[in-house]
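Here is a short briefing for a first look. Keep the structure open while reading.

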Amino acid sequence: ILMCHYLRHGYTPIVVLGDISDAWTLLSDAATASSKFVIFYDDFLGTFRFDEAKFAKNEDTSLMRFVEKARRSPAIRFILTTREMIFADARRLHGAFERQADELKKCTILLEDYARANRARVLYNHLYFSDLPDSRLQRFVSQQVYRDIVTHKHFQPQDGRDHQQDGQ
(Lines give C-alpha, C1' and ligand atoms only; values in the text may rest on other atoms or scores of the structure.)
Protein backbone atom coordinates (compact mmCIF):
# COMPACT_ATOMS: atom_id res chain seq x y z
CA ILE A 1 0.00 0.00 0.00
CA LEU A 2 2.85 2.37 0.82
CA MET A 3 4.53 1.61 -2.50
CA CYS A 4 1.30 2.35 -4.38
CA HIS A 5 0.92 5.62 -2.50
CA TYR A 6 4.41 6.80 -3.47
CA LEU A 7 4.12 5.57 -7.06
CA ARG A 8 0.93 7.60 -7.39
CA HIS A 9 2.92 10.63 -6.20
CA GLY A 10 5.63 10.26 -8.82
CA TYR A 11 8.27 8.24 -6.99
CA THR A 12 10.37 5.76 -8.97
CA PRO A 13 10.48 2.31 -7.33
CA ILE A 14 13.74 0.60 -6.40
CA VAL A 15 13.60 -2.94 -5.02
CA VAL A 16 16.51 -4.23 -2.95
CA LEU A 17 17.08 -7.90 -3.72
CA GLY A 18 20.33 -8.57 -1.89
CA ASP A 19 21.59 -6.38 0.91
CA ILE A 20 21.70 -2.66 1.65
CA SER A 21 24.70 -2.16 -0.64
CA ASP A 22 22.27 -2.85 -3.51
CA ALA A 23 20.19 0.14 -2.40
CA TRP A 24 23.24 2.41 -2.31
CA THR A 25 24.29 1.25 -5.79
CA LEU A 26 20.83 1.43 -7.35
CA LEU A 27 20.19 4.85 -5.89
CA SER A 28 23.51 6.29 -7.07
CA ASP A 29 23.03 4.76 -10.54
CA ALA A 30 19.49 6.14 -10.89
CA ALA A 31 19.83 9.48 -9.12
CA THR A 32 19.15 12.72 -10.94
CA ALA A 33 18.43 16.10 -9.46
CA SER A 34 14.65 15.89 -10.06
CA SER A 35 14.05 12.22 -9.30
CA LYS A 36 12.10 10.89 -6.33
CA PHE A 37 12.61 7.29 -5.21
CA VAL A 38 10.80 4.80 -3.02
CA ILE A 39 13.13 1.99 -2.00
CA PHE A 40 11.55 -1.30 -0.94
CA TYR A 41 13.64 -3.77 1.09
CA ASP A 42 11.49 -6.82 1.84
CA ASP A 43 12.47 -9.18 4.66
CA PHE A 44 15.53 -7.04 5.41
CA LEU A 45 16.46 -9.20 8.41
CA GLY A 46 15.83 -12.60 6.79
CA THR A 47 12.75 -14.51 5.70
CA PHE A 48 12.31 -17.15 8.39
CA ARG A 49 14.52 -16.15 11.29
CA PHE A 50 17.09 -13.44 11.90
CA ASP A 51 19.87 -14.04 9.41
CA GLU A 52 23.02 -12.91 11.19
CA ALA A 53 24.82 -12.87 7.85
CA LYS A 54 22.59 -9.88 6.99
CA PHE A 55 24.75 -7.83 9.33
CA ALA A 56 28.10 -9.09 8.12
CA LYS A 57 30.70 -6.49 7.17
CA ASN A 58 29.01 -3.55 8.90
CA GLU A 59 25.66 -4.11 7.19
CA ASP A 60 23.88 -2.66 10.22
CA THR A 61 25.92 0.54 10.06
CA SER A 62 25.34 0.88 6.33
CA LEU A 63 21.62 0.23 6.80
CA MET A 64 21.30 2.89 9.46
CA ARG A 65 23.29 5.38 7.34
CA PHE A 66 20.83 4.71 4.51
CA VAL A 67 17.88 5.22 6.88
CA GLU A 68 19.39 8.56 7.89
CA LYS A 69 19.96 9.55 4.25
CA ALA A 70 16.31 8.78 3.48
CA ARG A 71 15.16 10.65 6.58
CA ARG A 72 17.02 13.80 5.49
CA SER A 73 15.95 13.66 1.84
CA PRO A 74 12.54 14.81 0.62
CA ALA A 75 13.14 12.73 -2.53
CA ILE A 76 13.74 9.33 -0.86
CA ARG A 77 11.28 7.08 0.91
CA PHE A 78 12.62 3.84 2.39
CA ILE A 79 10.30 0.93 3.22
CA LEU A 80 11.67 -2.09 5.09
CA THR A 81 9.62 -5.13 6.00
CA THR A 82 10.18 -7.89 8.52
CA ARG A 83 8.23 -9.91 11.01
CA GLU A 84 8.02 -8.73 14.60
CA MET A 85 9.66 -11.92 15.95
CA ILE A 86 12.59 -11.56 13.53
CA PHE A 87 12.98 -7.89 14.48
CA ALA A 88 13.05 -8.86 18.17
CA ASP A 89 15.69 -11.54 17.48
CA ALA A 90 17.87 -9.05 15.60
CA ARG A 91 17.67 -6.62 18.51
CA ARG A 92 18.52 -9.35 21.01
CA LEU A 93 21.33 -11.01 19.04
CA HIS A 94 23.02 -8.02 17.45
CA GLY A 95 24.06 -5.36 19.92
CA ALA A 96 24.81 -2.64 17.38
CA PHE A 97 21.41 -3.02 15.78
CA GLU A 98 19.72 -3.05 19.18
CA ARG A 99 21.11 0.39 19.94
CA GLN A 100 19.74 1.82 16.68
CA ALA A 101 16.54 -0.17 16.16
CA ASP A 102 14.39 2.41 17.92
CA GLU A 103 15.27 4.90 15.18
CA LEU A 104 13.18 2.86 12.75
CA LYS A 105 9.53 3.80 12.67
CA LYS A 106 7.34 0.77 12.96
CA CYS A 107 3.92 -0.06 11.71
CA THR A 108 2.85 -3.47 12.93
CA ILE A 109 0.10 -5.21 11.04
CA LEU A 110 -1.50 -7.94 13.10
CA LEU A 111 -3.38 -10.77 11.46
CA GLU A 112 -6.20 -10.28 13.96
CA ASP A 113 -6.74 -6.87 12.35
CA TYR A 114 -7.61 -8.49 9.01
CA ALA A 115 -11.29 -8.76 8.20
CA ARG A 116 -12.54 -12.16 7.11
CA ALA A 117 -12.66 -10.98 3.47
CA ASN A 118 -8.98 -9.93 3.67
CA ARG A 119 -8.04 -13.30 5.11
CA ALA A 120 -9.95 -15.00 2.30
CA ARG A 121 -8.05 -12.96 -0.31
CA VAL A 122 -4.73 -13.88 1.28
CA LEU A 123 -5.67 -17.57 1.28
CA TYR A 124 -6.91 -17.34 -2.32
CA ASN A 125 -3.61 -15.78 -3.38
CA HIS A 126 -1.63 -18.57 -1.70
CA LEU A 127 -3.79 -21.24 -3.30
CA TYR A 128 -3.71 -19.58 -6.71
CA PHE A 129 0.08 -19.63 -6.79
CA SER A 130 0.43 -23.03 -5.11
CA ASP A 131 1.45 -26.25 -6.80
CA LEU A 132 -1.66 -28.05 -5.56
CA PRO A 133 -3.33 -30.15 -8.26
CA ASP A 134 -6.65 -28.85 -9.58
CA SER A 135 -8.48 -31.86 -8.14
CA ARG A 136 -7.36 -30.89 -4.61
CA LEU A 137 -8.29 -27.25 -5.15
CA GLN A 138 -11.73 -28.24 -6.45
CA ARG A 139 -12.34 -30.44 -3.42
CA PHE A 140 -11.10 -27.65 -1.17
CA VAL A 141 -13.70 -25.29 -2.67
CA SER A 142 -16.57 -27.76 -2.97
CA GLN A 143 -16.21 -28.82 0.68
CA GLN A 144 -15.83 -25.17 1.72
CA VAL A 145 -12.71 -25.92 3.75
CA TYR A 146 -11.61 -22.32 3.24
CA ARG A 147 -14.33 -21.12 5.63
CA ASP A 148 -12.80 -23.00 8.56
CA ILE A 149 -9.31 -21.81 7.64
CA VAL A 150 -10.03 -18.08 7.36
CA THR A 151 -11.96 -18.03 10.63
CA HIS A 152 -9.49 -20.17 12.59
CA LYS A 153 -7.84 -18.38 15.52
CA HIS A 154 -4.40 -19.58 14.38
CA PHE A 155 -4.80 -18.52 10.76
CA GLN A 156 -1.31 -17.47 9.72
CA PRO A 157 -0.50 -17.90 6.06
CA GLN A 158 3.10 -18.11 5.05
CA ASP A 159 4.58 -18.00 1.61
CA GLY A 160 6.54 -20.82 0.02
CA ARG A 161 9.89 -19.39 1.09
CA ASP A 162 9.00 -20.01 4.72
CA HIS A 163 7.86 -23.56 4.13
CA GLN A 164 10.94 -24.42 2.10
CA GLN A 165 13.27 -23.19 4.80
CA ASP A 166 11.22 -24.79 7.54
CA GLY A 167 11.27 -28.13 5.74
CA GLN A 168 7.46 -28.35 5.65
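Is Phe-78 buried or exposed? Phe-78 counts as buried, because its relative accessibility is 16%, and buried means under 20%. The model is a predicted one.

**Aromatic rings**

- The structure holds seven aromatic pairs.
- One of them joins Phe-66 and Phe-78. Their ring centres are 4.8 Å apart, the planes stand at 65°, and the pair is edge-to-face.
- Phe-66 lies in helix H3 (residues 59–72) and Phe-78 in strand E3 (residues 76–80). The pair therefore ties together parts that are twelve residues apart in sequence.
- Phe-66 has 0% relative accessibility, so Phe-66 counts as buried.
- Another pair is Phe-140 with Tyr-146. The ring centres lie 6.5 Å apart with the planes at 45°, so this pair is tilted.
- Phe-140 is buried because its relative accessible area is 15%. Tyr-146 has 27%, so Tyr-146 is partly exposed.

**Salt bridges**

- A search of the whole structure finds three salt bridges.
- Glu-68 and Arg-71 meet through their side chains, at 2.8 Å from N to O. They are three residues apart in helix H3, so about one helical turn separates them.
- Arg-72 also forms a salt bridge with Glu-68. Here the closest N and O atoms are 3.7 Å apart. Arg-72 and Glu-68 are four residues apart in helix H3, so the separation is about one helical turn.
- Arg-71 is partly exposed, with a relative accessible area of 43%. Arg-72 is exposed, at 61%.
- Arg-92 and Asp-89 meet in a salt bridge of 2.8 Å, N to O. They are three residues apart in helix H4 (residues 84–93), so about one helical turn lies between them.
- Arg-92 counts as exposed because its relative accessibility is 58%. Asp-89 is partly exposed, with a relative accessible area of 24%.

**Surface patch**

- Which residues form a nonpolar patch on the surface? They are Tyr-124, Tyr-128 and Phe-129. Together they have about 430 Å² of accessible area.
- Tyr-128 is found in helix H6 (residues 116–128). Tyr-128 counts as exposed because its relative accessibility is 55%.

**Two single residues**

- Leu-26 lies in helix H2 (residues 20–30). Leu-26 is partly exposed, with a relative accessible area of 35%.
- Leu-26 touches Ile-14 and Val-15, leaving aside residues up to four places away in sequence. Leu-26 and Val-16 are ten residues apart in sequence. In space they are 8.4 Å apart, C-alpha to C-alpha.
- Ser-62 sits in helix H3. Ser-62 counts as buried, because its relative accessibility is 14%.
- What does Ser-62 touch, not counting residues up to four places away in sequence? Ser-62 touches Ile-20 and Trp-24.

Methods
Residues numbered from 1 in each chain as written. Predicted model: local features only at pLDDT ≥ 70, side-chain atom pairs only at ≥ 80, totals over all residues. Heavy atoms only, no water. Patch = residues over 30% accessible without salt bridge, like charges linked within 9 Å, V, L, I, M, F, W, Y side chains within 5 Å. Areas by Shrake-Rupley, 256 points an atom, 1.4 Å probe, with all protein chains shown as cover. Salt bridge = Lys/Arg side-chain N within 4 Å of Asp/Glu carboxyl O. Helix = DSSP H or I, 4+ residues; strand = E, 2+ residues; numbered from the N terminus. Buried < 20%, exposed > 50% of the residue type's maximum accessible area, 1.4 Å probe, protein only. Phe/Tyr/Trp six-rings, centres within 6.5 Å; stacked < 30°, edge-to-face > 60°. Contact = heavy atoms within 4.5 Å.
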